[in-house]
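Dear colleague,

Please find the structure we spoke about just below, and keep it open while you read the notes that follow it.

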Amino acid sequence: MKTLADFDFKNKKAIIRVDFNVPLDENFNVTDATRIEAAKPTIDKILADGGSAILMSHLGRPKGVEAKYSLEHIVKKTSEILGVSVKFANNCIGDSAHEAATSLKPGDVLLLENLRFHTEEEAGDVAFSKELASLGDIYVNDAFGTAHRAHASTTIIAQFFPDKKCFGTLLAKEIESLNKVLKNSEKPVTAVLGGSKVSSKITVIENILDKVDHMIIGGGMTFTFIKALGGKIGDSICEDDKQELALEILKAAKEKGVQIHLPVDVVAANAFSNDAATQISDVNTIPDGWQGLDAGPKSLEQFREVILSSKTILWNGPLGVFEMPSFAKGTIALGNDIAEATSKGAFSLVGGGDSVAAVKQFGLEPKMSYVSTGGGAMLEMLEGKTLPGIAAILD
Ligand code: AMP
């Protein structure tokens, strides 16, 4: 696996796929610069070597050229973060890009206009990829969020750099962290899977059953399992057509020696609302008119024991409707337990949109070993798929 450390960038132009798909407010100010900050170590290393950096990214989902999706909006913020006056080319290919790239000096940074102003980007067009490739000497992919897409800038471009391509710091860290869970994990390994639906996590569950010792199942998914096992779930969310599948998962887990931990009690509410009346209910006897919206205290105690005895922990999906304070306690408690296990030496990886949001909201991000930046890409890796953007560098 080639990384930045394998190259000396002195007098070289690195063409870097970054993920600068950042949120902007109505005046086009960057409201969350996390993704730009995340790319800084890669860019810093290249500049420190005496090279220059050509940054390419998409922003939003433009239909052709749309000014509101111009990456020019983020030049100022990027300059601030990098401490370099970033140059801008108002097209990612063609004369303006070429002239700007050719005139780069060591220490310079050039940002190219939105790749998705050209439909060839998402189509993975070879000629377009070749044009992008002609701008730089070494190709660096540092965008995990798009690594599951075979787009021009994330995958196809790599063929033009047979032995001059590598992962950036961020992408290398993502791969290393996932491998720590999926390949070289220290046992016992525990996966916590929450969120709303079995159907959206089923491929992940199937793939990781071979890699874990414990699986904690929480969130809305719980009730499809409980109902399939004969429990009364009241008005809780349930995918009736997935009950058979739930039983198959439990059977497969047993065969593979994986211990499944389902909630034994829940916080039940008489409406899907933060102000609803609540009661703690046994998970198997939720009254009609009530729905389970968070894990109950006994469940949390049991989950805590499992977490504190684990050496590797993967967390994907909240334990309850954490967006409502009344039903956030389970997710917060679990997050704190994982933080505690981590402080005692466990490796913890949090990934998937909603658990990342929860970890950030509750200030737990610095207490986790690694919080993944790529929702879809992370899920596909957990499903056991080979991501085209990663394969293209490994070739
Ligand atoms: P997912 O995108 O599948 O990870 O699901 C995340 C969503 O699941 C969050 O928005 C939670 O509010 C929701 N969720 C978690 N627990 C429950 C529950 N018991 N009932 C309904 N929704 C839930």
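**Domains and ligand site**

The domain assignment, which is automatic or taken from a database, divides the protein into domain 1 (4–172) and domain 2 (185–382). This is a predicted model, in which local features need pLDDT of at least 70 and side-chain atom pairs count only at pLDDT 80 or more, while totals for chains, interfaces and linings use all residues. Residues are numbered from 1 along each chain as its sequence is written, and side-chain values use heavy atoms, with hydrogens and water left out.

The C-alpha centres of domain 1 and domain 2 are 37 Å apart, and six residues of domain 1 are in contact (heavy atoms within 4.5 Å) with 10 residues of domain 2.

- A polar side-chain atom of K201 is 3.1 Å from an oxygen atom of the ligand.
- A polar backbone atom of G220 lies 3.2 Å from a nitrogen atom of the ligand.
- A backbone N or O atom of G292 is 3.0 Å from a nitrogen atom of the ligand.

On its own the ligand has 510 Å² of accessible area (Shrake-Rupley method, 1.4 Å probe), and the protein covers 81% of that area.

Methods: Polar contact = N/O pair within 3.5 Å; in protein donor to acceptor, adjacent residues only side chain to side chain.
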